[in-house]
Amino acid sequence: MNRRVTVGVFAVAMATVLTVSACGSKSSGGSEGGASSSAGSSDVTISPVAQIDTSGKVVPSADASSAILPAGDGKATCPASTIAMAGALTGDNAALGINIRDGAQLAVDQHNKANPGCQISLKTFDTEGDPQKASQVAPQITNDQSIIGLIGPAFSGETKATGSVFNQAGLVATTASATNPTLASNGWKTFFRGLANDDVQGPAVAKYMTGKLGYKKVCVIKDDSEYAAGLAKAITTGLGSANDSSCNGDVKTKDRDFSAIITKVNAAKPDAVFYAGYYAEAAPLVQQMKNAGVSATFVSGDGVNDPQFVSQAGSAAKGSDLSCPCGPAPDAFKSAYKTQFNQDPGVYSVEAYDLATILMRGIGAGNTTRPKLLEYVRGYDGQGLARTYKWTSDGELTSSLIWMYDVK
């Protein structure tokens, strides 16, 4: 499904155009992966609002003009090498995995064009976002000795199910998207998270909701995924007395009738509803809330922050607030991505690009075995498009912040 064209001037454009403040919106049009709905509206967009810390306070965005780019100086040398990407490329939430795959592919293509002496391949593995399927895929990755680094798995559940496999194989696994906090407490030495976890996202968003947005009563709804469990717990704790337990509730993946939980929400008359889950369920949920006359603001996290949410929910998505530990796409990156894939970058595309860059910089520096590349990543400290990447001993970033977006 990749549609590739040469992006010959990207490195120059990045050097001259890169500013995080000059980032584009994510439109509902042209997204790949999920099933589009006839309710989609081409004038609905997801736009970045502000970067916040764990207290919900707005903080300045990072200056990405000094970001390390895949092309480097063009002098890298290495034997032919392979890195992998694992995540959902088909299924209800495939757009999230496709965003990651394409971000990584863009980085690989730019690196290879600029460095003829160091050619690197990206091999992709479809997990469908399913922990059971991921458990079948993981041995395929580790048994392929040509693969020396991994971007993924993408979702928290599949990462939990496979982390020990990659750890035992000594294969560095950098996730661009798995945010459940407990993943870093498993003792894995090969796990590196490329964005903030939900113990950062939850308190930050909760305090932003009760502070900046002034919400006094919030209902928290979650799906049955590993990701949603961690995020909902962090949000509920962060909301404190603003959380109304009378209208909290659970839904299941692939549910499409939300009348029971909407009845509870309508009775509580909250200021906002926070949904922890993915866009496949969030889109019909927000539509049904609007149809039922719920006036509360719909708020959600990174699992919903994708063009497919607005494509499937249409005008019902307007007015929603979305968070993400992922950074918005700088203009030059967005332009190159759209040229290559005929769509705007989505959530996690920038993180995947940065993580692929880190792995390839390591390979170009002579770290062409799994143990050497693992040590390189463990000691890495550098500026990417989204943020500075430097990890603690348990694979968490030493510094991480959250972005807030709105749908309009």
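**Pockets and a helix pair**

Tutor: The crossing of H11 and H12 is right-handed. This is a predicted model.

H11 spans residues 349–364 and H12 spans residues 370–378. Their axes lie 10 Å apart, at an angle of about 120°. Angles of 65 to 115 degrees count as roughly perpendicular, and those over 145 as roughly antiparallel. H11 and H12 are therefore oblique to each other. On the H11 side, the contact uses Ile358, Leu359, Arg361, Gly362 and Ile363. H12 answers with Leu373, Tyr376 and Val377. By class, this contact of H11 with H12 has six nonpolar residues, one polar and one charged.

Now the largest pocket. Its space comes to about 370 Å³. The lining counts 22 residues. Closest to the centre are Asn93, Glu128, Gly129, Asp130 and Thr253. By class, the lining has eight charged, eight polar and six nonpolar residues. Three helices each supply at least two lining residues: H4 (156–169), H6 (226–239) and H8 (279–291). H4 gives the most, with three residues.

The second largest pocket holds about 180 Å³ of space. Its lining includes Gln51, Pro60, Ala62 and Pro325. Gln383, Ala386, Arg387 and Thr388 also line this pocket. Ser399, Ser400, Leu401 and Trp403 belong to the lining as well. Here the classes divide into six nonpolar, five polar and one charged.

Conventions: Residues are numbered from 1 along each chain as its sequence is written. This is a predicted model: local features need pLDDT of at least 70, side-chain atom pairs count only at pLDDT 80 or more; totals for chains, interfaces and linings use all residues. Side-chain values use heavy atoms; hydrogens and water are left out. Axes are lines fitted to C-alpha atoms, for helices over the stretch in contact, and angles run from 0 to 180 degrees between N-to-C directions. Helices (H or I, at least four residues) and strands (E, at least two) are DSSP runs, numbered from the N terminus. Angles under 35 degrees count as roughly parallel, over 145 as roughly antiparallel, 65 to 115 as roughly perpendicular and the rest as oblique. A crossing is left-handed if the near helix is turned anticlockwise from the far one by less than a right angle, and right-handed if clockwise. Contact means heavy atoms within 4.5 Å. Ala, Val, Leu, Ile, Met, Phe, Trp, Tyr, Cys and Pro count as nonpolar, Asp, Glu, Lys and Arg as charged, and the others, Gly among them, as polar. On a 1 Å grid over the protein atoms alone, a cavity is a set of points where a 1.4 Å probe fits but cannot get out, and a pocket is an open set with protein on both sides within 12 Å along at least five of seven lines; lining residues have an atom within 4 Å of a point. Grid points are joined across faces, edges and corners, and a volume is the space filled by probe spheres set on the points.
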